[in-house]
Amino acid sequence: MLISLNWIKDFVNLPEVNIHDLANTFTMKTAEVEEVKKVNSHLEVIRVVEITEIAKHPEADKLNLVTFTDGSNTARVVCGAPNVKVGLKVPYAKIGVTLPGGFTLEPKKIRGVLSEGMLCSASELGLGDGASGLMELSNDAPLGENLKTHLNINSDTLIDVDNKSLTHRPDLWGHFGLAREFSAIYETPLNDKFSESWKNNLESKFNSDPNPINLKVQPESSCLGFWGLSVDNITVSESPQWMVDRLEAVGLRSINNIVDISNYVMIELGLPLHIYDRDLINGNELKIHLAKENEKFTTLDEMERTLLDTDTVISDNDKALVLAGVMGGANSGVQDNSKNIFIEVANWKAEEVRKTSTRLGLRTDSSTRFEKSLDLNLCYRTLLRTLDLVLELCPDAKVVGKPVYDGSTINNEKPRIKTSSAYINNILGLELESGKIKSILESLDFEVTGSNDFEVKVPTYRATKDIEGQHDLAEEIGRIVGYDTIPIKSPFLGVNPVRLTPYKEMERKIQDFMSLHAKSLEVMSYPLIGKKLLKKASWPNLNEKLSLINSLSVDQDRMRPSLVPNFLEMASVNTKNFSDFSFFEWGRVYNDFEDERNVLGLAFFSKTSSSFVNLLNTSEKFLNFLGLNYQLATKENSRKPCSLIPQKWKGLHPHEYMDIAIRGKTLGAAFSVHPIVLRDFKIKGHLSILMLDLTDFCKSQVQKAHKYNPISKFPSSQFDCTVLVPKSMHASETLKVTKKLKNKDLESAKIVKSFDLNDEHNAVTLRFNFSNSNETLSAEVIKSYEEKVVDELAQAGFNLKV
Amino acid sequence: MLDKIESLWTEFQKEISSLEKQADVLNLKAKYIGKKGLLSEIMKGLRDASVEEKKQIGPKSNEVKNIIEASIQDSLKNIQIKEINEKLDKERIDFSLRDSNMDQGLISGGIHPTHQIQRKIEDIFLSMGFEVLDGPHIETEHYNFEALNIPETHPARDMQDTFWFQDKKHLLRTHTSTIQIRGMEERKPPFAFVGPGKVFRCERTDATHETCFHQLEGMMVGENINTGHLIYFMKTLLKEIFQKDMEVRLRPGYFPFVEPGFELDIRWKKPDPKDEEAKHSGWLELLPCGMVHPNVLKAGGVDPDKYTGFAFGLGLDRLVMVNYKIDDIRYLHKGDLRFNSQFSHF
């Protein structure tokens with residue numbers, strides 16, 4: 001919002017400070033200033049000169065060399081204007097001057113002749129549209145005088161305040177309210193032009209004529225209160241220059257004096273109003289009521305709007321005239337020939353105005369203000385100020401009757417808040433004197449009684465929702481004193497141990513293990529996903545339940561049911577650049593409301609060969625690192641399917657799959673992706689993925705337990721044998737005999753190697769270690785153990801290779 | 001006799017220098033200092049020597065015997081080394097074929113840059129006694145708005161474009177401030193925690209805007225917690241992040257869940273002292289913060305008459321982007337390892 005400092009100066013004497021300091025002070029104490037702008041300040045350096053000599057440019061027919069004087073010095077410029085003549089007085093901009101277009105004059109040769117600045121046209125100075133030739137000044141214009149003084153033009157300084165930082169301050173949407181801030185900030189008195197005598201003077205214009213328009217407010221409507229006043233015999237004309245200047249300065253276009261008055265009062269006092277051509281009102285009553293469902297209404301901008309039965313309109317006998325709080329209609333505004341007017345100053349429920357304007361996409365100066373919650377008490381003053389200006393600009397105008405009102409009972413009682421210097425100092429961390437606190441509050445129009453424990457009366461225009469309790473008063477004190485005066489201190493709360501939550505600890509273990517041991521890069525994928533990607537991944541669950549109403553794109557319109565589709569997509573991106581890579585994500589998958597699972601995903605990709613064994617090795621090491629006991633099972637041996645991977649998903653490799661059970665629950669799976677799905681993602685190579693749901697272990701700490709066993713003093717004995725294993729079987733099947741051995745002295749049984757023997761069999765070499773912690777095993781005992789091993793292997797179908 | 005011993009040593013040296021086999025060396029040892037070796041032969045003549053000579057010959061003979069023995073051992077060791085080296089020559093490996101010279105895809109491991117910064121900040125707060133919490137992404141209106149003093153009619157709901165689910169009851173959290181309420185519900189003052197996590201806004205994406213990004217929320221509640229304490233922690237945080245004292249300023253800011261509410265800016269560029277206009281510029285808006293609104297304390301089950309507290313929020317992605325001069329926020333969620341590998345540990 002643009003603030004004119006000239007306008008502010010109507011109400012408060014601003015100190016002589018640099019404008020940038022002033023803007024910064026406002027930022028630090030009230031609201032953020034985004035920009036400082038100067039209006040017409042260039043006119044202070046443009047001077048009146050008189051042309052003394054004109055000569056043809058030697059190189060160009062259409063250009064002249066014009067010599068002129070400012071009374072003491074002469075200079076010469078190259079000039080192409082048609083209206084040059086000796087004796088003419090014109091404005092001159094010397095080298096270094098910046099004109100309104102942002103163009104700064106530099107020493108420049110035009111066709112070989114140096115031009116010392118520029119003689120200006122009105123449009124070049126931002127003083128009108130006429131581009132034809134130099135601006136001709138009056139003959140008696142004093143030479144050397146600056147144009148601002150000569151033309152008696154106001155220069156102004158504007159500060160542009162971020163609207164968002166005024167969201168909670170309805171009182172700052174007009175210059176008078178802003179002036180009060182400056183008065184408090186600079187401890188300089190506020191000049192309240194709207195005094196009792198001003199009020200009495202205007203009220204004296206009221207008379208006993210019958211009111212031409214009566215009001216009827218429907219209680220269900222959004223109207224909080226509605227003031228109206230009829231004025232006859234106005235003259236619609238152009239507005240005076242001072243009004244045009246001010247409106248233009250804050251970015252409004254001048255229309256005519258009556259429309260301009262309504263805008264002027266809104267910008268000054270912060271309360272929007274509407275002025276009707278009374279002769280266009282059918283009948284003698286305005287009804288403020290809820291619109292009909294699907295009622296059509298054409299707003300001032302000539303757009304037809306469809307209303308709902310929650311919108312409020314203002315109607316005469318046969319039609320709606322105004323969309324309450326938002327915009328007037330195309331049919332009731334003041335025209336060039338309007339004679340008699342009706343002034344509306346009303347207040348509306350903020351949330352209703354907001355709903356209507358948001359739904360219609362119609363954000364106006366009016367709706368923006370009303371949705372901040374304005375104060376009903378300010379309506380009457382606004383009405384008087386409007387009348388004030390109407391009478392000033394239309395001296396023949398005459399009030400008909402007196403103001404009419406309908407709506408809720410006006411309550412001008414000021415809310416009271418109890419607080420104390422102790423509270424305010426405590427929350428701010430300051431040690432202010434009570435007197436200081438009191439004077440700051442008073443400068444902001446609060447009434448304060450008491451010396452340390454205060455009772456504070458809140459001005460009604462601050463109480464619509466901004467100031468509710470003593471914490472709000474603390475903010476008033478803090479910002480005016482300046483937050484930079486607060487001493488910076490560490491609190492002392494007692495010293496207690498703090499440790500990472502189980503969730504965080506898990507996160508860090510994953511990140512550390514996966515990056516350092518698994519040599520993988522952490523990635524993040526979007527928790528939002530679309531049907532397209534799910535279908536591309538052939539994912540059976542589309543997670544419709546967790547879809548959004550207002551998604552921005554069909555590619556991100558629901559929560560992901562799995563990390564797998566994202567993983568396929570990311571793998572696809574990276575196969576273009578790397579022959580081998582691995583990545584992991586610690587992300588959430590969303591099963592239902594209140595059911596977000598913390599899932600680890602790890603992907604290994606290799607263009608040349610399967611990384612599945614590598615992935616299993618990493619997975620097992622990771623589970624050991626976490627200290628979790630786990631069981632791996634192939635698809636055939638799986639007890640319960642893993643919930644992370646739908647069994648009907650066709651992306652599963654027929655063989656390379658193992659699920660992972662922890663504490664009796666199947667919480668994850670490691671698998672390779674079926675080439676049929678890889679093909680859909682244009683992935684050429686081998687992609688193996690681990691998915692592991694670790695939610696259960698994010699709730700309580702997993703303790704990794706280490707147990708010490710005394711190291712045996714007796715040697716162990718090793719026994720190797722090689723058996724035939726059918727190719728359809730995993731070599732590890734042979735190790736299942738260890739259970740049948742039931743031998744306490746069997747220390748370990750492992751595979752040494754497996755090699756391709758013939759078409760049917762692999763030859764698998766096994767190694768068994770026997771030892772006893774109390775004695776050295778005798779040769780006979782060892783022999784019997786070995787025979788038992790061979791025996792059991794044979795019984796299981798694994799014959800010794802001979 | 002002494003001469004004989006001397007010349008024996010000279011002879012030995014000549015002979016041993018040409019030997020390359022272990023057996024030859026052992027034979028040479030027997031030849032010179034074996035029981036029937038040359039030295040023993042010479043020593044047989046000791047009987048005929050004078051007393052004076054005997055006194056010299058004894059030690060001399062021992063000395064020569066010792067140095068021959070040592071020379072033999074040296075020679076044997078050298079022969080072994082030579083044999084081993086010949087074997088090693090055959091087993092030679094090419095250690096230039098290591099990862100850094102090989103094209104074998106991407107071998108790299110590391111934490112996502114956002115999580116690196118997040119962990120750093122978590123650790124800073126952990127060291128100052130703050131816990132680290134998180135909460136669900138799918139939230140209710142209660143946690144995302146009402147408990148945070150943002151009633152339905154509040155214009156602040158316009159400021160945050162919220163993703164809503166079909167049931168019209170659930171939404172994606174628009175800020176990590178939801179963690180404030182959940183954190184308070186489970187604790188009794190005094191307490192302090194931070195809450196980093198993902199948040200979601202219904203905003204068009206471009207190089208600086210994402211629908212999904214990361215914030216870090218922080219809160220401290222206790223008796224007599226005041227604005228000075230808030231500034232203390234913010235300054236400490238910034239000092240730890242940037243490893244130098246940062247100039248900060250606190251100015252009024254409006255957020256429904258705090259009162260008083262502030263924007264904390266950091267001085268990002270040193271202004272030119274001669275330039276009036278730039279004197280107040282160079283600030284970067286970084287941390288919205290404030291004293292927790294009494295309604296929010298109440299919603300979290302904390303008595304606002306007894307306790308006060310502060311809260312703050314920090315955009316993590318923005319910090320990552322500023323820190324590494326990243327030009328497009330969308331890389332953070334793309335999973336393109338050409339991006340992620342630039343922040344790897346190795």
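**Figure 1. Chain A of the predicted model, overall build.** Chain A holds 20 helices and 36 strands. Its radius of gyration is 43 Å, well over the 28 Å that the globule rule gives for 802 residues, so chain A is more spread out than a compact globule. The model shown here and in the other views is predicted. Along the principal axes, the C-alpha trace of chain A spans about 135 × 80 × 60 Å. Of the 802 residues in chain A, 40% are buried. Counting contacts in chain A between residues at least 6 apart in sequence, 71% join residues at least 24 apart.

**Figure 2. Domains of chain A.** The assignment divides chain A into domain 1 (2-40 + 156-185), domain 2 (41-151), domain 3 (196-407), domain 4 (416-481), domain 5 (502-698) and domain 6 (717-795). Domain 1 is written as two segments, 2-40 and 156-185, and domain 2 takes residues 41-151. Between the C-alpha centres of domain 3 of chain A and domain 5 of chain A the distance is 63 Å.

**Figure 3. Surroundings of Arg588(A).** Arg588(A) sits in strand 28 (residues 580-592) of chain A. With 20 other C-beta atoms within 10 Å, Arg588(A) is buried. Leaving out residues up to four places away in sequence, Arg588(A) touches Pro527(A), Glu596(A), Arg597(A), Asn598(A) and Val599(A), and also His137(B). Thr409(A) is 179 residues away along the chain, and its C-alpha atom is separated from that of Arg588(A) by 55 Å.

**Figure 4. Contact between chain B and chain A.** Chain B gives 72 residues to the contact and chain A gives 75 residues. On the side of chain B that touches chain A, the elements giving two or more residues include helix 5, helix 7 (156-159), helix 9 (227-242) and helix 12 (337-340) of chain B. The strands that do so are strand 1 (131-132), strand 5 (212-222), strand 6 (248-252) and strand 7 (258-267) of chain B. Helix 9 of chain B supplies the largest share of this side, six residues. By class, the side of chain B that touches chain A has 30 nonpolar, 29 polar and 13 charged residues.

Figure 5. Chain B has twelve helices and nine strands. A compact globule of 346 residues would have a radius of gyration near 20 Å, but that of chain B is 41 Å. Along the principal axes, its C-alpha atoms fill a box of roughly 130 × 55 × 45 Å. Buried residues come to 41% of the 346 in chain B. Among contacts in chain B with a separation of 6 or more, 67% are between residues 24 or more positions apart. The assignment gives chain B a domain 1 (2-90) and a domain 2 (113-343). The C-alpha centres of domain 1 of chain B and domain 2 of chain B are separated by 86 Å.

**Figure 6. Helix 1 against helix 4 in chain B.** The axes of helix 1 (residues 2-16) of chain B and helix 4 (residues 51-90) of chain B come within 10 Å and cross at roughly 5°. That makes helix 1 of chain B roughly parallel to helix 4 of chain B. Helix 1 of chain B brings Leu2(B), Ile5(B), Leu8(B), Trp9(B), Phe12(B) and Ile16(B) to the contact. They meet Gln56(B), Ile57(B), Lys60(B), Ser61(B), Val64(B), Ile68(B), Ser71(B) and Ser75(B) in helix 4 of chain B. The contact of helix 1 of chain B with helix 4 of chain B has nine nonpolar, four polar and one charged residues.

**Figure 7. Helix 5 against helix 11 in chain B.** Helix 5 (residues 113-127) of chain B and helix 11 (residues 316-324) of chain B pack at about 105°, with axes 9 Å apart. Helix 5 of chain B is thus roughly perpendicular to helix 11 of chain B. Pro113(B), Thr114(B), Ile117(B) and Gln118(B) come from helix 5 of chain B. Helix 11 of chain B meets them with Leu316(B), Asp317(B), Leu319(B), Val320(B), Asn323(B) and Tyr324(B). Six nonpolar, three polar and one charged residues make up the contact of helix 5 of chain B with helix 11 of chain B.

**Figure 8. Helix 8 of chain B and its packing.** Six of the eight residues of helix 8 (residues 178-185) of chain B are buried, so this helix is largely enclosed by the rest of the structure. The buried residues are Thr178(B), Ile179(B), Gln180(B), Ile181(B), Gly183(B) and Met184(B). They pack against strand 2 (138-140), strand 4 (191-200), strand 5 and strand 9 (308-315) of chain B. Helix 6 (141-144) and helix 10 (294-299) of chain B are also packed against them.

Note on methods:
Residues are numbered from 1 along each chain as its sequence is written. Chains are lettered from A and ligands numbered from 1 in the order in which they are written. This is a predicted model: local features need pLDDT of at least 70, side-chain atom pairs count only at pLDDT 80 or more; totals for chains, interfaces and linings use all residues. Axes are lines fitted to C-alpha atoms, for helices over the stretch in contact, and angles run from 0 to 180 degrees between N-to-C directions. Helices (H or I, at least four residues) and strands (E, at least two) are DSSP runs, numbered from the N terminus. Angles under 35 degrees count as roughly parallel, over 145 as roughly antiparallel, 65 to 115 as roughly perpendicular and the rest as oblique. Two residues are in contact if their C-beta atoms, placed from the backbone, lie within 7 Å. Ala, Val, Leu, Ile, Met, Phe, Trp, Tyr, Cys and Pro count as nonpolar, Asp, Glu, Lys and Arg as charged, and the others, Gly among them, as polar. The radius of gyration is taken over C-alpha atoms; the globule rule is 2.2 Å times the number of residues to the power 0.38. A residue is buried if 20 or more other C-beta atoms lie within 10 Å of its own, exposed if 12 or fewer, and partly exposed in between; C-beta atoms are placed from the backbone. Domain bounds come from an automatic or database domain assignment.
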